[in-house]
Amino acid sequence: MCGIVGYIGPKPVVPVILEGLRRLEYRGYDSAGIALAGSASGLTVHRASGKLRNLEALVADKPMAGNYGIGHTRWATHGRPTEENAHPHRDCTGSLVVVHNGIVENYLALKKELVAVGHIFVTETDTEIIAHLIEQEFLDAKSVEQLSLEEAVRRSVRKLKGAFAIGVLSADDPSKLVAARSGPPAVIGFGKDEYFLASDIPGILHHTRDIVYLQDGDIAVLTTSGVVFTDFDGNTISRLPQHIQWDPIQAEKEGYRHFMLKEIHEQPRAIRDTMLGRVSLTTGKVELPDLKLTVDELRRAQRVAIASCGTSWHAGLAAKFMIERLARLPVEVDYASEFRYRDPILGATDMGLLISQSGETADTIAAQLEMISKSTPTLAICNVVGAAITRKAFGTITTNAGPEIGVASTKAFTAQLTALFILALYLAQCRDTITQEESLKLVTELDKLPAKAREVLRSTAPVCQELAKIFSNARDFLFLGRGIHYPIALEGALKLKEISYIHAEGYPAGEMKHGPNALIDENLPVVCIATRDENNPDSVLKYEKTLSNLQEVTARNGRVIAIACEGDTEISRLVEHTIYIPSAPELLLPILEVIPLQLLAYSIAVERGCDVDQPRNLAKSVTVE
Ligand code: F6R
């Protein structure tokens, strides 16, 4: 969740690093720091707590000398977000520095050993241990051999337990950056006579698109003449750069006030790109070659076990309805963070499904390892090509939402729902639980979604702005839904709480009478998803029951905002506010329903003056458990 940028090459190093950090700030932003080497004055380190602009001001005030270096933005895990705890961290001599993303689990035991041999620690972090470990390797080797920085790093990382992506430089072994990965992501960028290290691609994409993703157990040594890759034992390995298609402009705000708003508006494209090449509009047939499981294997599957976190977990809950309805295959959905702790009953005929925007969420990876340990083949739905869960998965469906910068997930969610719908349809086709005619009908409806999503954006954005003015001072919100619409209610509540800091809860509409009705009064806004698919009697029945629940709310003076389908005049007579969306087959409605909920949360957060793209206490990618 922290951001790392390193650079070695002919350009002035400070702007390269600071600009890269700015583009990675979404990964963590409670403090930042930079270290430069290569000047006569040795190694210089500047650090500042708070936003990156504090570090920028410091660097402007006290210019730094050096021609290569590393920088870091931190999201605290061990130690408070202070200047002292900001990276880079030094060894005792101050001639070696380390930046780190992840957690060193055995740092206390290592610290004890190092303190016993005279090391002095000045921070509360787990990271500082790494600098001292490397220093100790040099000390241990001194009388016996001449150690290179990379060899000292290799020997040190073998002693670490936990998750780490690190960057190291030393004034004693100059013109060299060393990186190592075991867990959190790290990439190496190749420019013309220049090389980059970053924790994520947007940090260096404005310089190069030729990227190597470091694998777990890789060490990279960057010098002005190239990059050498080895494993932790020093064996040379080959890592060839891939050319990344992402346009740097894609990772910018493109004129929107916030990344989140831009990403909300990118959803029609994200849905379209996730469908592209996977469904035939003439036959209705789905093709998912990257799934790698054979039709026979999919036919034999007894059950699907889904594990994911946060917004991706909501996508998993919706997927249960899609897969069970279309493929008649039982589905269980777990919080990935809880999965391991219930000793799940799984086997080789089950199918594990991990859903993750980043593909680097530690809890989701842990759930995946649990599945693999029980011989369950795992599939990944992921937005980042080459991310950790995709490398461990048997097969993958990439959600082609493009880079998501806003901490609150939006376009990645609708892309996940799209991918999951396609997967459900594919499973149904493999298992003969759907006719070709039904498939073609659904694919035709799916194809209409990008245009419908565009229409939802156009028509509901102004309504949400107005509603935000009315409700931005509310203390609590309730979000209701039934069936597949319940996960969307949960997602609406999550979006609101994470960016506006208003307490919000999602509830199944039918559960209100079992307790939450007690909360209702004239101060409680209740957002209710009351859509219906007129061609589906089950959907109409659910809608009618939801209307009855709403009557219970309005009878107690609750203030209802309903999400309903165009043409529904019955609901607007019952409730105070209605947001209309186009109708669609029930399993596709969630993709449209969530858009006004995202816009409502966004508008309320803006109205309250919140930092929409970087909400407090949150990070984009949660790479620790
Ligand atoms: C909420 C949000 C988080 C993530 C969760 C899982 O807006 O973004 O709840 O959904 O941290 O992240 P991924 O999908 O990257 O595994």
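Biologist: How many aromatic pairs does the count come to?
Modeller: The count comes to 6 aromatic pairs. Keep in mind that this is a predicted model.

Biologist: Take tyrosine 7 and phenylalanine 196. How far apart are the ring centres, and is the pair tilted or edge-to-face?
Modeller: The ring centres of tyrosine 7 and phenylalanine 196 are 5.0 Å apart. Their planes stand at 45°, so the pair is tilted.

Biologist: Where in the chain do those two residues sit?
Modeller: Tyrosine 7 is in strand 1, residues 3-8, and phenylalanine 196 is in strand 10, residues 195-198.

Biologist: Why does tyrosine 7 count as buried?
Modeller: Because its relative accessibility is 0%, and buried means under 20%. Phenylalanine 196 is also at 0% relative accessibility, so it counts as buried.

Biologist: And phenylalanine 471 with phenylalanine 477, what angle do the planes make?
Modeller: The planes of phenylalanine 471 and phenylalanine 477 are at 75°, so this pair is edge-to-face. The ring centres lie 6.3 Å apart.

Biologist: Are phenylalanine 471 and phenylalanine 477 buried or exposed?
Modeller: Both phenylalanine 471 and phenylalanine 477 are buried. Together with Phe479, Phe471 and Phe477 form one aromatic cluster.

Biologist: Switching to the ligand. How many residues surround it, and which are the closest?
Modeller: The ligand is surrounded by 14 residues. The closest are Ser312, Ser356, Gln357, Thr361 and Glu498.

Biologist: What is the shell made of, by class?
Modeller: It has 8 polar, 4 nonpolar and 2 charged residues.

Biologist: Which helices each supply at least two residues of the shell?
Modeller: Helix 9 does, and so does helix 15, residues 485-500.

Biologist: How far is the side chain of serine 312 from a ligand oxygen?
Modeller: An N or O atom in the serine 312 side chain is 2.6 Å from an oxygen atom of the ligand. For serine 356, a polar side-chain atom lies 2.6 Å from a ligand oxygen. The side chain of serine 358 has an N or O atom 2.6 Å from an oxygen atom of the ligand.

Biologist: How much of the ligand's accessible area does the protein cover?
Modeller: On its own the ligand has 410 Å² of accessible area, and the protein covers 90% of that.

Biologist: Back to helix 9. How many residues does it have, and what does it reach end to end?
Modeller: Helix 9 spans residues 310-327, 18 residues in total. From first C-alpha to last it reaches 25 Å, close to the 26 Å expected. Of those 18 residues, 13 are buried, so the helix is mostly covered.

Biologist: What follows helix 9?
Modeller: Arginine 328, with a positive phi near 50°.

Key: Residues numbered from 1 in each chain as written. Predicted model: local features only at pLDDT ≥ 70, side-chain atom pairs only at ≥ 80, totals over all residues. Heavy atoms only, no water. Helix = DSSP H or I, 4+ residues; strand = E, 2+ residues; numbered from the N terminus. Expected span 1.5 Å × (residues − 1). Buried < 20%, exposed > 50% of the residue type's maximum accessible area, 1.4 Å probe, protein only. Near = heavy atom within 4 Å. Polar contact = N/O pair within 3.5 Å; in protein donor to acceptor, adjacent residues only side chain to side chain. Areas by Shrake-Rupley, 256 points an atom, 1.4 Å probe, with all protein chains shown as cover. Nonpolar A, V, L, I, M, F, W, Y, C, P; charged D, E, K, R; others polar. Phe/Tyr/Trp six-rings, centres within 6.5 Å; stacked < 30°, edge-to-face > 60°.
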